[in-house]
Amino acid sequence: MDGQLPENEEQRLAELQSYVVPDVLSGAVFDRLAGLVARLFGVPFAAITVIGRDSQLIKASHGLSIREIPRASSFCARTILSDQVMVVPDALGDDRFQTCPLVTGSHKVRFYAGVHLRTPTGANVGTLCIMDTTPRELDPPQIAALRDLAGMAMAEGELRASVAKTIAAAENPGFGDDRYRELFENASDVVYTHDLHGNFTSANKAAQRITGYSREDALKMNIFQVLDPESQRLTLEMIQQKLGGAPQTTYEVTIVTKDNRRIILEVSTRLLFRKGIPVGVQGIARDITERKRAEAQLRLLKSVVVNSNDGVMVAEADPDDPLGSRIVYVNDAFSRITGYSDVESAGRTPRILHGPKTDEAVLDQICAAVRRWETARVELIHYRKDGSEFWVDLNIIPIVDERGAFTYWVSVLRETTDRKRAEILERDRNQVLELVASNGPLETVLARLANLVENQCSDLLCSVLLVRDGRLHPGAAPSLPQPIADAFDGLDVTTALGPCETALLGKPLLIPDLAVDPLFRREAGLFRNLGLRSCWCSPILSGDGRALGVFVIYLREQHEPSPAVIELVDMAGRLAAVAVEQRQLNDRLAYQAMHDALTGLPNRFLFEDRLHQALDQATRHGWHVAVLFIDLDRFKQINDTLGHAIGDALLQQVSRRFESCLRRTDSLGRMGGDEFQLILTELRDPSDTTRVAQKLLDALKTPFKVDAFELFVTASIGISVFPRDGRDSVTLLRNADNAMYRAKNQGKNVYQFFTPDLGAAALEQLELENALRRAMANGELQLYYQPQLAIEGPLAALEALLVWNHPKLGVISPSQFIPVAEESGLIVEIGAWVLEEACRQTVAWRQAGYEPVKVAVNVSPVQFARADFVETVAQVLSHSGLDPSFLELELTESVVMRDFEESSRQMERLRALGASISIDDFGTGYSSLSYLRRLPIDTIKIDRSFVKELDVDSNTMPLVQAIVSLAHGLGLDVVAEGVESENQMEALRAVGCDKVQGYLLSASLPASQVESLLIRGAGIRS
């Protein structure tokens, strides 16, 4: 063990071995004493130990399961080195005890305090110690109390040792007749006689046992030899009083035993007479040392309780409702802490201390412990008589009487408000600092600061206002109703009103009465309901003294805030200033990282991010996006000739002119030098880009005035269009850049669309797209109708087919122009026209007197994916007047399977309109037959590829048979497309196909020829 060993260590060990302390300091009495010490100091562990050569032995304890500790790591081994009380506030921070089992084991001891146990010869043989699992200190009165309790423990041990020794040394007397001798010798009390000079003439066994002197020794002694000085005086006085005729009395004396122990005896004496003359004194004495010590201990404990700084409350035991028990005693500290006097507390229940914030779960924990007669230690909020809240560390101790009955429970409460608030303040402060360090949302930081203030002061509410653009705006008000939180929103800080004045002058301001202040008149009722009477405004100042905001503190009393509240709000204001300035700095850094320092326009990083967003949005909505690459002509000449300052000023003016030509949704960026890039979004027609490009060129025609110079500048513009010229940002920017160089090569001051070197196909597509746009405007698109017949001949339906009669190229196949229409987004407009025309024509035939016939219309994937497609169909049906049951919408299998769940919901909405749905080209896509039963469809159409194979491949017949059987099993009709031979017709009839269509029956016909078909009905083939 490190540290200096006692110089008399071998002597101390010998004393320990010969002295009976190791044997007498154990047992139930000392265990109870350890428990009493633990309760008095409010700790979980207390022990009485002795220190041997190699280890510390725990002879009696409360709360400890360990019985022996190596001396090298023992607390108590160091305690015996000093005559002072040894205190270890936190063992985790003390290198001497890092291996102590009490610290490293399950007990997790952090705090220790111990005082030595000393024998009458002066040897420190052991300790009385207390321990806790949390760090703490002892104040001087507590240290003194621990010393006194150690003295009591040692005194009890000495008494037990003395008794053991005297019994062993007792001798048999030889005195009087047998009867008297037996009574005299075996009396439990001390019986003795002495002459008038005090010389002993007899002493019984009890006297020998208590004093330690044998009868032979006693008969050679004088009574004054065994009395302490005060008792000598008292005994002599009592003898004289007896001789003077005083009646028999009882008094107390202290004797010094043979082994120098001090014993307190309660003595009753009478004179002995011989022939009427007093010759001696007979005394009967009872050892009351233990009782006197118990009385002293009781007085000490009472003094500890009465004068304790901790509040003590004693309540009657009521296991059914512990918190409803009647209070029978409180000490002065309890009254001082709670405001309830002993008279006000008596007869009431502990619930007088409970309130809104008292934790019900902790109260349940207390009740459960009391019902089990167990101690409990908790921390919770109590309320004083005046309604103010305070934190307490509460120890609950059940009291059992001598019969083992649970009679009372004691509550020792130590106010921890300051410590708890300090802990909460530190916690809240650290949380705010962590949020600031991690760039947390400013609103969250300010709300935490408002809560921080409210957590420290329960009688106020807090809000934070921020100064932005010369006006106040709400920052945080977590506990206030919204009308109060918004009371100052938008106020000009130059007005002389409350928080505005504080922000303007940067000085605190008190508004003494909210009820009469005109600024708060509108919310006066809310303040009254919340019990708020006055308002205090404190500025939030930046490092250079600027007002960043205002803390507005609403108080429940009409007075200025206390110095503690002012200090707290000042601290919160400093934290708020750090958070606001950090946010402003981050915003500035983020702006600088994403914007050109000269013009304030987005730089390359922000521009490309916006381009990605624009492309994503265009993809979802079927829009076009144009990317323009703009390069100023001859700018280098101006910059080199007139200097960079003139060049920079020119670039700033150019950027402002360009911005004036754009919509809010467009994005202009500067890439460096004289290069600008522009994103045009939400374009319905790519040709709209030409107007913007020309507008930009026109904006440069007016000369620029920079200092004394009048400057002219033009630009070359390259244009690429999404999705035509690329589907990603890299491709579009590259193509726009190439187009810009082509514009420069063509003489500058022009714009040029991208045309790739290998772009013959792209140019053809562009021309086709432009021609298709003209075709819609010129009425070149027409609908043809191909009949669907029941397998036995009657006309069942007409499929509407789109054709393009180009004035020069003739009829253009849908397979050529439909993909172009889908890619360009024209398919939405074209599809809507097809639907309207087919419904209109069907109604026209009906109105002309022909039998009603169902019309089938193909739906493009682009159309079907639009969120408003169902509404479009509903509008067409309503506008045309067509009965929805005569409209069939044809979807390809691949379209449906692209997003099965959403497709199913879309189809359900269409079915709800009354239209029927068919799956076109069945078998060519996913062929997921199992999905058919989950789709809301009416018909499947067998693809023409299967029908064609019926003529050449015998294996096709079973497959077609399976498709028909599956469809019929699901209650679906089957239509076969592309029937061109009698053999195919017979095969389809054989497998039970419901309907057929194809050139064998009829080619697609213009609307004018369909009328004759409607007249002939079932006689088409004839």
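**View 1. Surroundings of Asp 132 in the predicted model.** Beyond its neighbours within four places in sequence, Asp 132 is in contact (heavy atoms within 4.5 Å) with Gly 42, Val 43, Pro 44, Val 109, Arg 110, Phe 111 and Arg 377. Asp 132 sits in strand S6 (residues 124–132); strands are DSSP E runs of at least two residues, helices H or I runs of at least four, both numbered from the N terminus. Its relative accessibility is 1%, so Asp 132 counts as buried (under 20% relative accessible area; exposed is over 50%, partly exposed in between; 1.4 Å probe, protein chains only).

This is a predicted model: local features need pLDDT of at least 70, side-chain atom pairs count only at pLDDT 80 or more, and totals for chains, interfaces and linings use all residues. Residues are numbered from 1 along each chain as its sequence is written, and side-chain values use heavy atoms, leaving out hydrogens and water.

**View 2. Glu 379 and helix H16.** Glu 379 and Arg 419 form a side-chain salt bridge of 2.7 Å, N to O (a side-chain nitrogen of Lys or Arg within 4 Å of a carboxyl oxygen of Asp or Glu). Glu 379 lies in strand S14 (residues 376–383) and Arg 419 in helix H16 (residues 417–437), so the pair ties together parts 40 residues apart in sequence. Lys 420 also meets Glu 379 in a salt bridge, at 3.3 Å, N to O. Lys 420 is buried at 16% relative accessibility. Arg 419 is partly exposed at 37%.

**View 3. Arg 934 and Glu 901.** Their side chains meet in a salt bridge of 3.1 Å, N to O. Glu 901 is partly exposed, at 42% relative accessible area.
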